[in-house]
Amino acid sequence: MSVRGGKGRLRDALFMRAALDTAASAQFATSPNPMVGAVVVRDGAVVATGAHLRAGTPHAEVHALREAGETARGAELFVTLEPCNHQGRTPPCAGAIIAAGITRCVVAMEDPNPLVAGAGIAALRAAGVAVDVGVLREDSERLNQFYLTWVTRRTPFVTAKFGASLDGRIATRTGASRWISSEEARRHTHLLREQHDAILVGAETALADDPALTARAHVGARSPLRVVVDSRGRVPVTAQMYSAASGGAMLATTDAADPALLAGVAARGVQVAVLPSRDGRVDLDALLFELGQGDITSLLVEGGAIVLGAFFDAKLVDRVVALLSPRIIGGAAAQPAIAGLGVAAPDDAPLLRDVTVERFGPDIVVTGYRAT
């Protein structure tokens, strides 16, 4: 990386921020590819922008260079992720950058994908293009946290989400749960669903609520794969989440399930994954591997308490999103948000990092990441 003064770093950060904003406009529709933005700068001004919009379509750099045309020759390119240098579903971007005559390329971060992993940057430098790496790196990493997790460990990024009262209850002593969270907070939940590739509930939630698990944020919203963890095959074939709505559905079960039920579910077009069991339940590590092999980069675990507890006990949660209503439900028999074994002592429960707090109507939404 070349050494630049304070003004130069600030200038680079401003243009990279524009590239990141452009990348975010894809709204997670690029999965399993990352969201990438590119900005062509000439004489201190943005002359073209581009974003990767969907897997299999041209990458951000190509869109920006096409828009820039001949003004790209001798210009700078700011891109949020290392340009690729291999032939995939689209031609390599590094070659397009070189051919366009870009003289300086500013890259937020290297791509850990083994098919890229520094090769794109090396190709640009070998062709005489000046390359600076690391501008707004953390912002780029956060934008593509789903992709980066999936491409490095081949399992999806896991978000654990729950809506609860202020005293941590997701249902009253009678089992009533609608609605603890406000309408504004529930709208936020649908946006979360749209952002993820898959959404998961346990058999108890599927039996009690018969949820559709669709994203209703707006017309044309991206629908996630709907997954139910049902180790013994108790959820009926008629469950709403097995409907033919877009996004598809999956039953994750074990060989303890009735083969006739599995056949009936499969006849509805549902994926049936018969997985290894652990302590009589679906092995969650095996489930995440199965999802990762199917190009699922992100998983939203919505509950209930039993399945959330299983994910926390297995230390498989990457991010927590807690929707907390300013209500006190109380009652020893009221259902807690998280079940499972839990920890033995407070010090065994690591503090979440990078915690943020937002307001949605009367509710607060606390988001935090697992300490690594």
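Here are questions and answers on the sheet, helices and backbone of a predicted model.

Residues are numbered from 1 along each chain as its sequence is written. In this predicted model local features need pLDDT of at least 70, side-chain atom pairs count only at pLDDT 80 or more, totals for chains, interfaces and linings use all residues, and side-chain values use heavy atoms, with hydrogens and water left out.

Student: What is the strand order of the open sheet of 9 strands?

Tutor: Strands are DSSP runs of E, at least two residues, and helices are runs of H or I, at least four, all numbered from the N terminus. Two strands pair if DSSP finds at least two bridges between them. The pairing here is mixed, and the order is S11-S10-S9-S8-S14-S6-S15-S18-S17.

Student: Which strands stand at the edges?

Tutor: Look for strands with a single partner strand. One side of each is left without a neighbour in the sheet, because each has just that single partner. The edge strands are S11 (271-274) and S17 (353-360).

Student: What does the twist average from one strand to the next?

Tutor: Axes are lines fitted to C-alpha atoms, for helices over the stretch in contact. Angles run from 0 to 180 degrees between N-to-C directions. The twist averages 20°.

Student: Which residue in S14 is the bridge partner of Thr159?

Tutor: S6 (residues 157-165) and S14 (residues 298-303) pair in the parallel sense over 4 bridges. Val158 stands opposite Leu299 in S14. For Thr159, the bridge partner is Leu300.

Student: How many bridges join S6 to S15?

Tutor: S6 and S15 run parallel. Ser165 stands opposite Ser325 in S15. The number of bridges joining S6 to S15 is 7.

Student: What angle does the direction of helix H7 make with that of S14?

Tutor: H7 (residues 183-195) packs on the sheet. Contact means heavy atoms within 4.5 Å. H7 touches S6, S8, S14, S15, S17 and S18. Its direction makes an angle with that of S14 of about 145°.

Student: What angle does the direction of helix H10 make with that of S10?

Tutor: H10 (residues 284-293) also packs on the sheet.

Student: Which elements do the buried residues of H11 pack against?

Tutor: H11 spans residues 305-313. Ala305, Val307, Leu308, Gly309 and Phe311 are buried there. The buried residues of H11 pack against S6, S7 (169-171), S8, H10, S14 and S16 (335-336).

Student: Is Val355 buried or partly exposed?

Tutor: Val355 lies in strand S17. With Leu352 and Val357, Val355 makes a nonpolar surface patch of about 250 Å². Its relative accessibility is 45%, so Val355 counts as partly exposed.

Student: Where is Pro32 found?

Tutor: Pro32 takes part in a cis peptide bond with Ser31. Omega of that bond is about 10°. Pro32 is found in the loop between H1 (6-24) and S1 (37-42).

Student: What is phi of Gln27?

Tutor: Gln27 also lies in the loop between H1 and S1. Its relative accessible area is 46%, so Gln27 is partly exposed. Phi is positive in this residue other than glycine, near 55°.

Student: What is the phi of Asp295?

Tutor: Asp295 lies in the loop between H10 and S14. At 36% relative accessibility, Asp295 counts as partly exposed. It is not a glycine, yet phi is positive, about 65°.

Note on methods: Patches are made of residues with over 30% relative accessible area and no salt bridge: like charges are joined within 9 Å, nonpolar side chains (Val, Leu, Ile, Met, Phe, Trp, Tyr) within 5 Å. Accessible areas come from the Shrake-Rupley method with a 1.4 Å probe; for residues, only the protein chains shown count as cover. A salt bridge is a side-chain nitrogen of Lys or Arg within 4 Å of a carboxyl oxygen of Asp or Glu. Buried means under 20% relative accessible area, exposed over 50%, partly exposed in between (1.4 Å probe, protein chains only).
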